[in-house]
Amino acid sequence: MNNQLLIKEKLQAKLEKIQVNSGGSPVTDLQLDKTLTEEIEQLTTELESVNPNPYPLVNATSLLEGAWQLQYSTAREIRSLVSLPLGLKLGKVYQVIDVANKLFFNLAKVKHPLGLVSGYVKVTASFEPAKEDLEPEPNKRINVYFDKRYLSIEKIVGINTPQLNPFKVIPANNPTSRIATLDITYLDETLRIGRGGDGSLFILSKSLDLPDFISSI
């Protein structure tokens, strides 16, 4: 087994361990003790150093295509979703990418543990490769432009509510003094690691269980 696969297996084993009781929702660093977050960061950094596709925007765009499920993050916006009002609980969080049209959306499923209500928050966005001054061509950084935020209730006490899907559409927030960026620091057929412009970490796995939303970018 080569070094890349060995590190990847160690990281995935660590992620599986912390997600045992998460119900599929992403885990954040605030939910873990400092030692564990440091171990995850160390393994992530090691895996990034042996990235099989260091120029994903040049020669690995096909791997980016499709649905990805967020497993772990240190991002402020993901941390905030962990504590939702009205007893709602965060479910699975996805990012679905349309490479040809340079579009994607983030989708966070939410539900009440007693089954009173379920729905999702979806944020649509576009992206473009960010050309760095020191690089002859785009390599791993994208500029992100958020578009709209959709708030939707799919079911109330088990009854479909299409009239509330969505019930509110508002402009999405973009940073006021900078362009939002994301560095794709590791990419293979099943795992993707990204670093936000603020240093936040995102670890995602390729997903095959989001058929209803793939065509709705």
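Q: What makes a pair of side chains a salt bridge in this predicted model?
A: The term salt bridge is used when a side-chain nitrogen of Lys or Arg lies within 4 Å of a carboxyl oxygen of Asp or Glu, and the structure, which is a predicted model, holds 7 salt bridges.

Q: Why is the pair Asp 183 and Arg 141 called a salt bridge?
A: The closest N and O atoms of Asp 183 and Arg 141 are 2.6 Å apart, and because the cut-off is 4 Å, the pair meets the definition.

Q: How do you know whether Asp 183 is buried or exposed?
A: The relative accessible area of Asp 183 is 12%, and since buried means under 20%, Asp 183 is called buried.

Q: What makes Arg 195 and Glu 48 a salt bridge, and which parts does the pair tie together?
A: The closest N and O atoms of Arg 195 and Glu 48 are 3.0 Å apart, which is within the 4 Å that the definition asks for. Arg 195 belongs to strand β10 (residues 191-196) and Glu 48 to helix α2 (residues 34-48), so parts that are 147 residues apart in sequence are tied together.

Q: How do you know whether Arg 195 and Glu 48 are buried or exposed?
A: Arg 195 has a relative accessible area of 16% and Glu 48 has a relative accessibility of 17%; because buried means under 20%, Arg 195 is buried and Glu 48 is buried as well.

Q: Which residues do salt bridges with shared partners join into one network?
A: Glu 41, Glu 48 and Arg 195 are joined into one network in this way.

Q: Why is the pair Glu 154 and Lys 109 called a salt bridge?
A: The closest N and O atoms of Glu 154 and Lys 109 are 3.1 Å apart, so the pair falls within the cut-off of 4 Å. Lys 109 has a relative accessible area of 26%, and because this value lies between 20% and 50%, Lys 109 is partly exposed.

Q: Which residues have the most contacts inside the largest nonpolar core?
A: Leu 187 and Phe 202 have the most contacts inside this core, which has 25 residues, and β9 gives the most to the core, with 4 residues.

How values were computed. Residues are numbered from 1 along each chain as its sequence is written. This is a predicted model: local features need pLDDT of at least 70, side-chain atom pairs count only at pLDDT 80 or more; totals for chains, interfaces and linings use all residues. Side-chain values use heavy atoms; hydrogens and water are left out. A nonpolar core is a set of buried Ala, Val, Leu, Ile, Met, Phe, Trp, Tyr and Cys residues joined through side-chain atoms within 4.5 Å. Buried means under 20% relative accessible area, exposed over 50%, partly exposed in between (1.4 Å probe, protein chains only). Helices (H or I, at least four residues) and strands (E, at least two) are DSSP runs, numbered from the N terminus.
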